[in-house]
Protein chains: 2
Amino acid sequence: MKKIICVFSGGLDSTVLLYKLVNEGYDVTAVSFNYGQRHTKELEYAAKTCGNLNVKHKLIDISSIVDIFAGSALTDAVDVPAGHYEEESMKVTVVPNRNSIFLNLAMAYGIGKRIYNLSYGAHAGDHEIYPDTRPAFVEAFNKLAKTVDYEPIDVITPFLNIRKEDIVKEGARLGVPFNNTWSCYSGGKIHCGVCGTCTERKEAFQLAGIKDPTEYEE
Amino acid sequence: MKKIICVFSGGLDSTVLLYKLVNEGYDVTAVSFNYGQRHTKELEYAAKTCGNLNVKHKLIDISSIVDIFAGSALTDAVDVPAGHYEEESMKVTVVPNRNSIFLNLAMAYGIGKRIYNLSYGAHAGDHEIYPDTRPAFVEAFNKLAKTVDYEPIDVITPFLNIRKEDIVKEGARLGVPFNNTWSCYSGGKIHCGVCGTCTERKEAFQLAGIKDPTEYEE
């Protein structure tokens, strides 16, 4: 059974990814991060999903260094903006270099366990406002992954060329309980329905033509 | 004044690098890491050097996640081997993916402060046993640094094509107080004189023809 590390937030994309990898027969270790995000709620969802799927789950807690991410609305006392991802105002939700940090820590953990496959949920709907989701980043990171250890690490990003609505479709096919995924940045009890990621989540279900089971405040 | 982040361990190479950058007129912010290394002593030297040079110093403490580096002699209850770096036995001193993690965290800190230059002490004498010091790694990392933010980050590695003895010569030229640098992995009161990095340190002074002021146990 091929071993793989899956970077797993508990959000919609990475939950579908986790189901997909398990479905394809991988021996998956899910790695989640506490980085002082407002929405640590996603980590409860991550733990529950791993329990349901009987997948090993490693939580890496870097919340003690949250100050290096100073100024992001996802971690700081800056308001999470409402609206669409494409808007300039969303830049405050960028966490500097977050993805490369997560991926590199996940690789380190994998190397220690001699796991040389790494998967994460980068997808074509990822937004220009996040530099570290763009194809140039993914390509550069994949090359780096070949160099950091004695063995090259293979990066597997099955959603790279599909959009979020296609991920929803794939999730439906795999029987993913969408109610057990968390997207909202605001950290409330239920999804706010107006932040960038809630807006995107709603749209993805609509475009996929699949009933959205999410309870939104607005 | 051009701002730059310098990844700074308090060891010989990065101390010479810091002096060099200051000497060249950069506005330097030094970034050091506590990663649960046995030789946290190096961090005292790092702090002292920054004080002497009046350089801003940021310590990023990731010691809480040291378990992801499981199995390295630099962090774990595994003996630090004596001998020369080229030996197979030295592999236990590899900390998985350490350099990329440090560099990526340093970049995140820099982005938050709008500092788009990053320097570290990679040099031609770095050893095949450390995958993340090889030219292929440096090249891949430099490309990644161009992609992680809106602005490309320039990586400056002035020692990339010189050997450690040349770094010693450069340090002598710049008036670096070598006594205020720490190399030894073993974490004793003075340099052990027999671990890989002590062996290399001794040799570098000999090859440079410069008196080694270091006090060694053996």
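This is a tour of a predicted two-chain model, stop by stop, with something to select at each one.

**Before you start**

Residues are numbered from 1 along each chain as its sequence is written, and chains are lettered from A and ligands numbered from 1 in the order in which they are written. Because the model is predicted, local features need pLDDT of at least 70, side-chain atom pairs count only at pLDDT 80 or more, and totals for chains, interfaces and linings use all residues.

The mean for chain A is 89, and 88% of its residues reach 70 or more. The model scores ipTM 0.88 and pTM 0.90.

Helices (H or I, at least four residues) and strands (E, at least two) are DSSP runs, numbered from the N terminus.

**Stop 1**

Select residues 3–7 of chain A, which form strand β1. Four of the five residues in β1(A) are buried. A residue is buried if 20 or more other C-beta atoms lie within 10 Å of its own, exposed if 12 or fewer, and partly exposed in between, with C-beta atoms placed from the backbone.

β1(A) and β2(A) pair in the parallel sense over five bridges; two strands pair if DSSP finds at least two bridges between them. To see one position, pick A:Val7, which stands opposite A:Val31 in β2(A). Between these two strands the chain passes through α1(A), and this β-α-β crossover is right-handed. That word applies if, with the strands pointing away from the viewer, the path from the first strand over the helix to the second runs clockwise.

β1(A) also has a parallel partner in β4(A), residues 117–119, joined to it by two bridges. Select A:Ile5 to find its bridge partner in β4(A), A:Leu118.

**Stop 2: the next crossover, in both chains**

Switch to chain B and select residues 27–34 and 56–61. These are β2(B) and β3(B), parallel and paired over six bridges. B:Asn34 stands opposite B:Asp61 in β3(B). The chain goes from β2(B) to β3(B) by way of helix α2 (residues 41–53) of chain B, in a right-handed β-α-β crossover.

**Stop 3: two asparagines in chain B**

Most residues other than glycine have a negative phi. Select B:Asn54, in the loop between α2 and β3 of chain B; its phi is positive, about 55°. B:Asn97, in the loop between β3 and α3 of chain B, has a positive phi near 60°.

Is B:Asn97 buried or exposed? B:Asn97 counts as buried because it has 29 C-beta neighbours inside 10 Å. B:Asn54 has 8 such neighbours, so it counts as exposed.

**Stop 4: where the chains meet**

Show both chains together. 33 residues of chain A are in contact with 33 residues of chain B; contact means that the C-beta atoms of two residues, placed from the backbone, lie within 7 Å. On the side of chain A that touches chain B, the elements giving two or more residues are β3 (56–61), α3 (98–112) and α4 (135–145). Select α3(A), which gives the largest share, nine residues.

Next select α4(B), residues 135–145. Its buried residues include B:Phe137, B:Phe141 and B:Leu144. The buried residues of α4(B) pack against α3 and α4 of chain A, and also against α3, β4 and β5 of chain B.

**Stop 5: helix α6 of chain A and beyond**

Finish at α6(A), residues 196–208. Among its buried residues are A:Cys198, A:Arg201 and A:Phe205. What covers the buried residues of α6(A) includes α1 (12–23) and α5 (164–174) of chain A. After the helix comes A:Gly209, with a positive phi near 70°.

A:Thr214 is partly exposed, with 19 other C-beta atoms within 10 Å. Not counting residues up to four places away in sequence, A:Thr214 touches A:Phe178, A:His191 and A:Arg201.

Note on methods:
pLDDT is the predictor's confidence in each residue, from 0 to 100.
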